[in-house]
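Okay, thanks for coming, everyone.

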Amino acid sequence: MPDTSAICNLLAWSNQQLAHSPSAAVDSRVLLCHCSGLTPAYLMTWPEKQVPSSVEQAFIALVEKRKLGHPVAYLIGYRDFWTLRLKVAPDTLIPRPETELLVETSLSLSLPESADVLDLGTGTGAVALALAAERPNWSITAVDSQMGAVKLAQQNAALHNLTNVSIYQSDWFQQIDSKKFDLIVSNPPYVESNSVYLKQGDVRFEPLSALTSGKSGLDDIELICQRASDYLVPGASLIFEHGYNQAEKVTQLLHRYGFEQCRTIADLNGLARITGGILP
């Protein structure tokens, strides 16, 4: 335990406890800010200041959980994505920074001013809500098979007063009516069911249903490719986030089910991350 409840001592103790993690210093500051209500700037400016014992105890409890591997986002209850602060919970995938590329790609398309957009597997609502915030004239439908995710996404929509998005439960297209869309976006499960990745880091605590999709990781992407043309207007786009090594196979699936002008976009690390095609 830290010698005193001074900010510098609490952070030093936490950094030591989390020394196995490359993000120990950042995690420590985030957790202490959450428990204390103080800003990162305050922690840096006044490191000798004492915090109340209740803050110290709350901080110690969260550090102990983080030491066991619990994701910081679950411990503090939110994750910042795009321009939005989103509530998160253990029954949804934590939004990743690389998924913002899916938003950027969607916004770069030449769509009607009042486009109809479908987000499949919305989770926290991250992609759908970011698009809704940027394009208030778009009408966005967001679905997820898990009711816990649906309720959380609805809470996030209400939190940001986004009224141009409709969120409900559907197993992919199952509950979608005959409406046609100008764009379908999806960050579906794409991890192989036997991947060693599932035993590492934060994903150990995230729901498998939001991560895995068969032995190849492509079962859900193929299902979406197979059925998407029934829900798109001619000239509409279908865009996926996928694993860094799946771009070629996703492109093949898009071609197989009638999509053309397929292209892949790399993330900031140079890894193939987004692939999409156009329905002729």
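Helices and strands here are DSSP runs, H or I of at least four residues for helices and E of at least two for strands, numbered from the N terminus.

Quick housekeeping. This is a predicted model, so local features need pLDDT of at least 70 and side-chain atom pairs count only at pLDDT 80 or more, while totals for chains, interfaces and linings use all residues. Residues are numbered from 1 along each chain as its sequence is written, and side-chain values use heavy atoms, with hydrogens and water left out.

Back to Gln 261. It has a positive phi of about 50° although it is not a glycine. Gln 261 is exposed, because its relative accessibility is 61%. My cut-offs: buried is under 20% relative accessible area, exposed is over 50%, and partly exposed is in between, with a 1.4 Å probe and protein chains only.

Asn 161 also has a positive phi, about 55°, and isn't a glycine. You'll find Asn 161 in the loop between α8 (147-159) and β5 (165-169). Its relative accessibility is 65%, so Asn 161 counts as exposed.

Now the whole chain. It has ten helices and nine strands. A compact globule of 280 residues would have a radius of gyration near 19 Å, and the chain's 21 Å agrees with that. That radius is over C-alpha atoms, and the globule rule is 2.2 Å times the number of residues to the power 0.38. Along the principal axes, the C-alpha atoms fill a box of roughly 65 × 40 × 30 Å. Buried residues are 49% of the 280. As for contacts, meaning heavy atoms within 4.5 Å, take the ones between residues at least 6 apart in sequence: 65% of those join residues at least 24 apart.

Which helix is largely enclosed by the rest of the structure, and why? That's α7, residues 126-134, because seven of its nine residues are buried. The buried ones are Ala 126, Val 127, Ala 128, Leu 129, Ala 130, Leu 131 and Ala 132.

Next, two aspartates. Asp 267 sits in the loop between β8 and β9 (272-278). Asp 267 is buried, at 12% relative accessible area. Leaving out residues up to four places away in sequence, Asp 267 touches Leu 101 and Arg 273.

Asp 219 is in helix α9, residues 219-228. At 43% relative accessibility, Asp 219 counts as partly exposed. With that sequence cut-off of four places again, Asp 219 touches Ser 213 and Gly 214. Asp 219 and Tyr 190 are 29 residues apart in sequence, but 7.9 Å apart in space, C-alpha to C-alpha.
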